[in-house]
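Reader: I'm new to this one. Please walk me through it.

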Amino acid sequence: MNKQPKRIVIVGGGITGLTAAYYLQKEMHESNVPYEITLLEGNDRLGGKIQTDTTNGYVIERGPDSFLARKESAARLVKEVGMEDQLVPNSTGQAFVLNNDQLYPIPGGAVMGIPTELAPFVSTQLFSLKGKARAAFDLLLPRREDDGKDQSLGLFFRRRLGNEVVENLIEPLLSGIYAGDIDKLSLMSTFPQFYEVERKYRSLILGMKKTTPPSRRSTGKKKPAFLTVKSGLQSFIQAIEDRLTDVEIKKNVKVDKLTREQDSYILTTTNGDEILADAVIVTTPHQQVHHMLRDQKEVAPLDEMPSTTVATVAMAFPEEAVKKAMDGTGFVVSRNADYTITACTWTHRKWQHAAPKGKVLLRCYVGRAGKEEIVEKSDEEIVQTVLNDLNQIMEIEGHPEFYRITRWRQSMPQYEVGHRNRIDVVKEGIEGIMPGVFLAGASYNGVGLPDCIDQGESSVTSVLSFLQ
């Protein structure tokens, strides 16, 4: 008598869920074990935050636009699904910080805002003499007595380099990644490598100088830090979907509740259907996980985890409309600057394929922890606010030929101090009561595409060892 194949259900069809589905199917083919794999997605399309708009020959990313080249899992998956010829690096160029109504070049040799070379740091106008002297104090400061306790990014960097370098350079660079408040964000969950550098080398400046290859320091010709897919990241999602030939994909199916019944799991959808599974990978945001498992006290910490609301504003112009063009790839905005935008990418410069010849594509970001109300304004108000901000430093004539505003409500999970411990407690708690349920995705262990892909792969390993 044939045994019924084990059924694995993946909840959520963003990049984490798609990765899990792809590598599960691959494993099934390679090991010749006939799993039944089902992917459930609440919307009518896969890809989650990855969305590409290709109006009029532009390639406009409405969510993430690229991924870190040094984290290899994303490029590997792009190659696996046959898109290697579409991989392109970013064009390198000067990036700036906007402070006191002026654009200052990010000092050469700064890695995530940490100086690794003396001359550019001494000569920059971005900091006062006092600010530079305080940052240099890092060379003499002892390392923190290590109690292994988490601390905020703000506390860590202020202690090492002083307030001015943090406010004018490190904060705009780091908080842009998480749209968060660096005085609340966890060092151990966002940039544990800096903690390790202090432990090993005592001084951050000396440690970063020793551990950063010269090609990654921003002097002269930088090595491209980012990669993307020339035809748009949505085409990458489509390529994964096309390869999922042995995965049942169900769109417009939302899971309302997940319960255990003996050795199986029941997923109840919002329209009352029940789906049975032997193992479940849940890749939806933490708010939805908390809702699905609302009867389990083990997931209570997820309810307290905040998320920020942000929006991206992409605007297309003819080249001649931008009178005072900047020679660079974009800028981040200091928290002390009186601006609504938090950053702006000169996308046509950073990605050559993103705009037709003779056109300019600017992509600005609004919304951050504590300043989210702008996102709820009308499209016209947002565009006008962004143009007013840009016109203080560049000259732009008239309105964009067209624009695309994408609002991401409660979409940026905030890894606040103690995040790693809270997530460990949740995962261990779930393992105790629902040993076949695995959590993965941007809410837990990194928000970038490679981080989500890594978590998707890792969940496959966990599921297979559980089922075997």
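**Pockets, domains and bridges**

Reader: Which element gives the largest share of the lining of the second largest pocket?

Author: H15 does, with five residues. Helices (H or I, at least four residues) and strands (E, at least two) are DSSP runs, numbered from the N terminus. This is a predicted model: local features need pLDDT of at least 70, side-chain atom pairs need 80 or more, and totals for chains, interfaces and linings use all residues. Residues are numbered from 1 along each chain, and side-chain values use heavy atoms, without hydrogens or water.

Reader: How many residues line the second largest pocket, and which lie nearest its centre?

Author: The lining has 14 residues. Nearest the centre are Lys427, Phe438, Leu439, Ser458 and Ser462.

Reader: What counts as a pocket?

Author: On a 1 Å grid over the protein atoms alone, a pocket is an open set of points with protein on both sides within 12 Å along at least five of seven lines; a cavity is a set where a 1.4 Å probe fits but cannot get out, and lining residues have an atom within 4 Å of a point.

Reader: How much space lies in the second largest pocket?

Author: About 330 Å³. A volume is the space filled by probe spheres set on grid points, joined across faces, edges and corners.

Reader: And how many cavities of 30 Å³ or more are there?

Author: Three. The largest cavity holds about 100 Å³ of space. Its lining has 13 residues, and Val59, Glu61, Asp65, Thr347 and Trp351 lie nearest the centre. Strands E4 (60-61), E11 (226-229) and E20 (359-366) each supply at least two lining residues there.

Reader: Asp65 sits by that cavity. Which side chain meets aspartate 65 in a salt bridge?

Author: Lysine 350, at 3.9 Å, N to O. The two are 285 residues apart: lysine 350 is in helix H13 (residues 347-350), and aspartate 65 is in the loop between E4 and strand E5 (67-68). The structure holds 25 salt bridges (a Lys or Arg side-chain nitrogen within 4 Å of an Asp or Glu carboxyl oxygen).

Reader: New topic. What are the domains?

Author: An automatic or database assignment sets the bounds. Domain 1 is 6-49 + 239-305 + 415-467, domain 2 is 106-211 and domain 3 is 307-413.

Reader: How far apart are the C-alpha centres of domain 1 and domain 3?

Author: 34 Å. Nine residues from domain 1 and five from domain 3 make the contact (heavy atoms within 4.5 Å).

Reader: What area is buried between domain 1 and domain 3?

Author: About 540 Å², with 61% from carbon and sulfur atoms. Buried area is the accessible area (1.4 Å probe) that two parts lose on being put together, summed over both. On the domain 1 side, Lys49, Gln287 and Met305 supply 63% of the area buried against domain 3, more than any other three residues.

Reader: How many salt bridges cross the interface of domain 1 and domain 3?

Author: Zero, by this rule.

Reader: Last one. What does leucine 173 touch?

Author: Ile106, Met112, Gly113 and Val332, leaving out residues up to four places away in sequence. Leucine 173 is in helix H6 (residues 163-178). Its C-alpha atom is 29 Å from that of glutamate 397, 224 residues away along the chain.
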